[in-house]
Amino acid sequence: LLEFRAKWESNLPPRVRGWHINETTRRIERTDVSDPDYARMGTTSRAQILDARLAEIFRNGTKPDPSDIQSAIVPMDAAEVKTLARAEYRGADWFVQGSGTVMAERYPVIIRSRRPVDLTGAGHLLDGRWYCRAVRHRWAVDVDRPDEEPVVRRYEADVTLVRNALGGIG
């Protein structure tokens, strides 16, 4: 790993509720999604951090229920209401986004998008398994020898990584 920067967004909803009036039965189809339905990449999720912070703030009162309201896509039935809510939740569930440059000739496998990537050397919060959203492979001039002919090159990969939890908190 040549360089790496990460940022996290904790203001996204930790739960998505969906509802729709079924046009055939005239009943309200409801769903409540608070789990992405896949294993988390870390130990502490955004929802857990937000829950702990709200418990500290509202010690004697009722905690607010953070949520997000969106109305754009019209589902057809109960299964589609759940699928759309889960898709919305998965989009908001990426807690940490990082970008960096990897010295690809030293990495043990070819880095590909839509695959897990193990990251070490970024500190106890960021070390661990990440999901690779995008990767761009390229040849780069060696910065240690900038005066030499560009024949001496390094095989690098620019990566965009996401993770839905931090490690080492608590």
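This is a predicted model: local features need pLDDT of at least 70, side-chain atom pairs count only at pLDDT 80 or more; totals for chains, interfaces and linings use all residues.

Student: Which residues of H1 are buried?

Tutor: Arg 46, Ile 49 and Leu 54. They cover an arc of only 130° around the axis, so they sit on the same side of H1.

Student: How do you know that the span of H1 agrees with its number of residues?

Tutor: H1 covers residues 46-57, which is 12 residues.

Student: Which residues of H2 are buried, and what puts them on the same side?

Tutor: The buried residues of H2 are Val 81, Ala 85, Arg 86, Tyr 89 and Ala 92. Their arc around the axis is only 130°, and therefore they share the same side of H2. On the other side, Ala 79, Thr 83 and Gly 91 are exposed.

Student: What do the buried residues of H2 pack against?

Tutor: Strand S2 (16-21), strand S3 (28-33) and H1.

Student: Now S4. Why is Ser 45 called buried?

Tutor: Ser 45 is found in strand S4. Buried means under 20% relative accessible area. Ser 45 has 6%, so Ser 45 is buried.

Student: What does Ser 45 touch, beyond residues up to four places away in sequence?

Tutor: Arg 40, Phe 95, Asn 164 and Ala 165. Ser 45 and Ala 165 are 120 residues apart along the chain, yet their C-alpha atoms are separated by 4.3 Å.

Student: Why does Glu 156 count as buried?

Tutor: Glu 156 lies in strand S8 (residues 153-163). The cut-off is again under 20%. Glu 156 has 4% relative accessibility, so Glu 156 counts as buried. Among the residues Glu 156 touches are Leu 2, Thr 101, Arg 136 and Arg 138.

Student: Which residues have the most contacts inside the largest nonpolar core?

Tutor: That core has 16 residues. Those with the most contacts inside it are Phe 4, Val 96, Ile 111, Leu 126, Trp 130, Val 159 and Leu 161. S8 gives the most to this core, with three residues.

Methods. Residues are numbered from 1 along each chain as its sequence is written. Side-chain values use heavy atoms; hydrogens and water are left out. Helices (H or I, at least four residues) and strands (E, at least two) are DSSP runs, numbered from the N terminus. The expected span of a helix is 1.5 Å times one less than its number of residues. Buried means under 20% relative accessible area, exposed over 50%, partly exposed in between (1.4 Å probe, protein chains only). The arc is that of the directions from the helix axis to the C-beta atoms. Contact means heavy atoms within 4.5 Å. A nonpolar core is a set of buried Ala, Val, Leu, Ile, Met, Phe, Trp, Tyr and Cys residues joined through side-chain atoms within 4.5 Å.
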